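Trainee: Before I look at this, could you take me through how such terms are defined and applied?

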Amino acid sequence: MISGFAFDVSHMLAGLLVLVSFAMLYQDRLYAVINVLALHAFVLAISVAWQAHIQHAPHLYITALIALGFKAIAIPMALRRMVFRLGIHREIETVVSIGLTMLAGIAMVALSLMVMLPVTAHVDPVAREDISLALSVVLIGLLMMVTRRNAVSQVAGFLSLENGVNLAATGAQGMPLVVEISVAFSILIAFIVVGIFLFRIRERFDTVDLEALDRFRGERR
Amino acid sequence: MIALPLGCIVLLMTLALVGAVVARTASGGRIVYGGSLAISLALLLIALLSIGGGSSTVTLPLGLPWIGARFQLDPLAAFFLVVVGLGSAGASYYALGYGRHEPEPQRVLPFYPAFLAGLTLVVVAADAFSFLFAWELMSLASWALVMSHDREPGNANAGFVYIVMASFSGLALLLCFGLLAGATGDFSFAAMQAAHPSPGIAALALVLALIGAGSKAGVVPLHAWLPLAHPAAPSHVSALMSGVMTKVAVYGFIRIVFDLLGAPTWWGGVIVLAVGGITAVLGVLYALMEHDLKRLLAYHTVENIGIIFIGLGLALAFGANLLPAAAALALTAALFHVFNHSVFKSLLFFGSGAVLTATGERDMDHLGGLIHRMPKTAFAFLIGCIAISALPPLNGFVSEWLTFQAILLHPDLPQWGLKLAIPADGALLALSAALAAACFVKAFGVTFLGRARTRVAADAREVDGYSTNAMFVFAALCLLAGIFPGAVIDLLAPVTQALTGAHMPKQLDVAWLSIVPVETARSSYNGLLVLVFVTISASLGVLAIHRFASHALRRAPAWDCGFPDPRPQTQYTAGSFAQPIRRVYGAVVFRAHDTVTMPPPGATAPASIEKHIADPIWDALYAPIAAAVWWMSQALNHLQFLTIRRYLGFVFAALVILLLALALWQ
């Protein structure tokens, strides 16, 4: 059985991930968003490594390494280069005001706790807390994608969402490594595709503001 | 035994591929139709040999990996295989001649063998997956054939209505099988037979089977595609769709309701009886209003499907009350009518195809006098008309007479619902038979008798030998099945034995080829005797007329034998023939009325008469549904033009709402 300490630490790391998600929601500059995204992935890596430790599942260390290498280092660096080359390192505009977004984020956390805690009443307590917190990370990531207008911050929202999925999967004990690796690769591919698209959009419209796309499609908002 | 029909199906699918290759060559039609003819005859032979034997099953590793594909040849499947084999052999032989006039053979030849394969596959399928696959193959192949002349006005619309109705029927059957498979999820027919669904599930499955198979068979109010699709398809395909495909749909209904559903219920019988009676009468009333030959035949298919469903409803009612002998009689009547209708409806569609080839016209009001130009076609068509009008000594009479014999057994039933419903159905059946006779007097009289109304009708020529031979063979089958009904009834004995637990007494043992459905004291029928009587009395009549009238010399008086006006337009038309019936029934059912516009005195404008006929089912059922779908798609149309963020927002909102519902619900 898992000791109280192990439980507390894993709980704390998951909570930290939610906190970092909120931090990301608060940022309104692209560089800051990317930094917070790196931190997000870093916390995830620690959390996964801790799970590997307490579950005695060595393959989860590989998951943690993937999270650290890809998501905490490689992707943020690439994003930063992208932002620099696109020349959009100034302020990003949010659609809804920051305060309201934060309140909505709090509501998301409450909702995911309300949903998950009764459903998972009979499972392992570590997995239980992990899953409910992971759902809030997913919801906040989605909220980020909905409220932001800039394509790069939408990518950041998407990646943080994926981190939430990862957290849930590692907490649930027994996710096969092959699934994890394939998910990591699909994220990488998605990232590459999005990157290429960003440059293509930028080439054509001189901006990565999604409103330009909407205007191009001739639609009213 | 099951391996042989499966081999035939493989051959047919191969032939479909060959058809795609050779379609543009000169001998493509001969290869495809000749091959189809050979395979259909083989199927017919296999079916006839295996109808008395037991059932043989096979499981092939095809289709979904964990289900496999099961096939079965039991007496019921064998009987319907007889219908399929006979109908497709006839249509293929007919098409050897008719198909030469096809302007675009590459749009018919690849799909024709595929359609035959679909028809065969439905009959031998023994699990829900194979059945539905075959059902859809049948629908899609026939849809492609309906669309083969899509540039003619109305045909694209016909194809659209047909594919919508076909998808709807597939959906209903899918739900039905889903219910029957139940929680175990075993889709094989054997497992469904073994399971005993609860009464609620059984009722729902019965209704879904009636909707699913019925919309393919043409049960009112789901018949809307028949009068559209049958005229659109080439005539040999119309013959197959009307004569065989609707029967395969009836097979689906029998398989589900009599075989898979378990013990029948009496109220299920009431539902089927009501649907059958309404279908029979409305089908023939629609047909009477029609003056397009193929549409008229399509509506008669609706009527005959109604008659078949009356028989099936009776079998359910008797079976539910543990009267197996009566149930076997009713089921025999229904299956006999299935066979008969497939024969004479194929014959009639062949005839209408011959008329179409010779004149290019389907509108009866542009025809007339064809008996002089196309005597062979006219003779065969007349036999078909007599058969479908249920006149002795032909086959249509026997099956309807057997249905009436079953109806006359209704006092044995305890439920008052059935005691009231069955005589009412008997009255509807009698009415529809009489109206059908009137309708075919109109169809034959206006098309083949009198004088030609147009130049094309006057210039018509008899069609090729393949077409006339096909018609003669089917006409001979009508006569043979009418004179020797005992042979058919005995052939059906294993089928009814398997489905109702009883069969009719052996008829070939009865002296002088009579048939005795229940007992000699109640009723018996002898087709041969009627044939002899009809032949002798008609010969005597003809002799007497010629003796006393024809040879008596007369100078033609000025009165002109009712033809004072030499123009053919003054003849009786299809519309004028149907007018009394339109007045009696149409005023209520179709809100039919005539408007006469008389110009004021002195004006030079011509007077006109217009007849207005509304289609109550289309107006009350299909039009509102179409309007609702149109309105909804208009309302949802602007969802196509949202921003990316709104789409994301929709996903997010949907997720949050679902989670909220989950949180509040628990």
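Mentor: Domain bounds here come from an automatic or database domain assignment, and by it chain B is divided into domain 1 (1-198 + 217-259) and domain 2 (616-665). The centres of domain 1 of chain B and domain 2 of chain B, taken over C-alpha atoms, are separated by 36 Å. This is a predicted model, in which local features need pLDDT of at least 70 and side-chain atom pairs count only at pLDDT 80 or more, while totals for chains, interfaces and linings use all residues. Residues are numbered from 1 along each chain as its sequence is written, chains are lettered from A and ligands numbered from 1 in the order in which they are written, and side-chain values use heavy atoms, with hydrogens and water left out.

Trainee: What makes residues of domain 1 of chain B and domain 2 of chain B count as in contact?

Mentor: Contact means heavy atoms within 4.5 Å, and 7 residues of domain 1 of chain B are in contact with 4 residues of domain 2 of chain B.

Trainee: Why is H12(B) called roughly antiparallel to H17(B)?

Mentor: Helix H12 (residues 293-320) of chain B and helix H17 (residues 416-448) of chain B pack at an angle of about 160 degrees, their axes 11 Å apart. Angles run from 0 to 180 degrees between N-to-C directions, with axes fitted to C-alpha atoms over the stretch in contact. Angles over 145 degrees count as roughly antiparallel, so H12(B) is roughly antiparallel to H17(B).

Trainee: Which classes of residue make up the contact of H12(B) with H17(B)?

Mentor: That contact has 15 nonpolar, 3 polar and 3 charged residues, where Ala, Val, Leu, Ile, Met, Phe, Trp, Tyr, Cys and Pro count as nonpolar, Asp, Glu, Lys and Arg as charged, and the others, Gly among them, as polar.

Key:
Helix = DSSP H or I, 4+ residues; strand = E, 2+ residues; numbered from the N terminus. Parallel < 35°, antiparallel > 145°, perpendicular 65-115°, else oblique.
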